[in-house]
Amino acid sequence: MENSDDRATSDRILKEGDMSYDRPRLYYVHEKKRIITDLTESQQLLETSDYLLDRARQLGLPFHSDAELVITEVPGPNGRKDFGYYFVDHQQRLLFWVHDYDLSEIFFNVKGVTARDHMKQAVITQYWMHIGLYPNRRELKADDYEELRNILIGAIADAATSQTPLAPFDLDSMVRMLDLVEKLEGSIGKKNPYGVWVIARFATEFSSSRFINFSGQPFARLDAGKRHLEELKQMWVDQIVHYPSWQKYIAKLTSDWARFTIFSTVLLTTDVGLLAAPTLGGGGGFMTAAMASVYLSIFFSVASILTSIQLTNRVSGKEYSSATSTSALLTRTSKSVFGTDSLAIMYSLPYAFLVWGIFLFVLGISLLVFSSTNRAMLASLAPLYFLLFVCSIWPSISGRGAFEMFEKSWWRRSLIRGKSVHAAEV
């Protein structure tokens with residue numbers, strides 16, 4: 001990557017293995033010019049890199065001994081290949097360019113980014129991604145180690161004391177991360193590519209979280225939100241998923257679906273047992289309606305079991321296995337006819353089918369009981385039936401504004417007003 005009068009290629013190009021384990025590859029380092037590339041040498045590459053370095057000097061940009069140029073190949077117009085690049089300033093932990101660059105490309109779909117210091121956080125995230133891609137030949141810096149350690153300690157405290165922590169990992173994961181980071185203390189000041197990669201990987205996630213949650217901004221997301229649709233909106237903001245919350249949400253759903261499967265199985269067994277009752281086949285309008293209700297209850301019970309099994313299998317699949325795949329799923333769902341509402345409805349189907357199955361079973365039992373011509377028995381059962389019905393629905397309506405509606409009703413206000421007038425007359 002030098003001019004023709006430089007030394008032989010084998011002397012001036014150093015090969016280093018990339019420590020990014022998910023995409024292992026070779027990259028090339030030019031120590032004198034401080035250039036990193038994954039491309040093989042060509043005249044066009046040499047000319048492009050020289051132009052970029054000269055342009056940086058002309059603009060007075062900080063290309064000092066602790067800065068470097070990364071150049072690679074990117075898709076260009078009309079399907080042809082072009083060169084892409086960025087400069088890295090390790091002293092300020094920043095990336096910069098010698099041409100105009102649209103920073104919105106690195107905003108991770110976050111909307112409303114207007115403050116310069118907020119934009120800077122996005123650039124810092126890219127900086128740590130760069131370190132993670134090229135960790136070789138770098139020392140583990142004491143400042144980087146200490147900063148990440150303090151970030152982890154603060155995030156652990158937040159996760160332990162807050163109902164809605166904004167850290168990108170759950171509490172147990174961060175405790176293990178802190179233990180791993182502290183084991184790297186002995187590598188400070190040494191060239192340890194593994195340790196550098198670990199620091200960079202963790203720092204990327206926390207820097208990205210700070211940017212996504214508008215950390216340090218006047219309108220920071222201090223609380224993610226306020227049940228299936230509301231929870232989805234809480235965890236998926238600006239097409240970005242908060243994965244620790246998503247994992248807890250899916251674990252809760254899976255537990256609920258397992259319980260619904262058990263309840264539906266019990267209900268199904270009870271329905272089948274009721275169909276064997278001799279009185280149910282006695283004919284007549286009430287008996288026919290009772291039998292129809294029990295059959296429908298069986299259908300809903302089976303539907304609840306089937307949807308629970310399918311949903312449990314689905315959430316354990318690949319599209320729920322990472323933050324990226326989950327975000328892609330939610331983005332795809334949001335573009336459908338019903339948006340994310342369809343996902344919320346789908347998740348609630350096992351419960352809805354179970355409730356309808358129970359309702360139809362109770363209806364069938366009621367029709368069977370009240371088809372009796374024994375009036376004395378009906379008179380004794382009706383009040384108890386009504387009392388049990390009210391007590392059964394009480395937990396559902398007690399927290400949904402029923403009593404507030406009573407307090408605000410016109411006859412309640414009239415009653416209070418009448419008492420006040422009476423008291424005044426006395």
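## Overview

Across the whole of this predicted structure, the search returns eleven salt bridges. Among them are the pairs D50 with K33, D54 with R57, and K183 with D179, together with a network that joins R93, D144 and E147.

## A buried pair between distant parts of the chain

D50 and K33 form a salt bridge in which the closest N and O atoms are 2.7 Å apart. The two residues are 17 residues apart and link distant parts of the chain, with D50 placed in helix α2 (residues 43-58) and K33 in the loop between β2 (26-30) and β3 (35-37). Both D50 and K33 are buried, that is, each has under 20% relative accessible area.

## A pair within helix α2

Helix α2 also holds D54 and R57, which lie three residues apart and are therefore separated by about one helical turn; their side chains meet in a salt bridge with an N to O distance of 3.2 Å. D54 has a relative accessibility of 40% and so counts as partly exposed, whereas R57, at 52%, counts as exposed.

In the salt bridge between K183 and D179, the closest N and O atoms are 3.5 Å apart. K183 is exposed, its relative accessible area being 61%, while D179, with a relative accessible area of 39%, is partly exposed.

Salt bridges also link R93, D144 and E147 in a network.

Technical notes
Residues numbered from 1 in each chain as written. Predicted model: local features only at pLDDT ≥ 70, side-chain atom pairs only at ≥ 80, totals over all residues. Heavy atoms only, no water. Salt bridge = Lys/Arg side-chain N within 4 Å of Asp/Glu carboxyl O. Helix = DSSP H or I, 4+ residues; strand = E, 2+ residues; numbered from the N terminus. Buried < 20%, exposed > 50% of the residue type's maximum accessible area, 1.4 Å probe, protein only.
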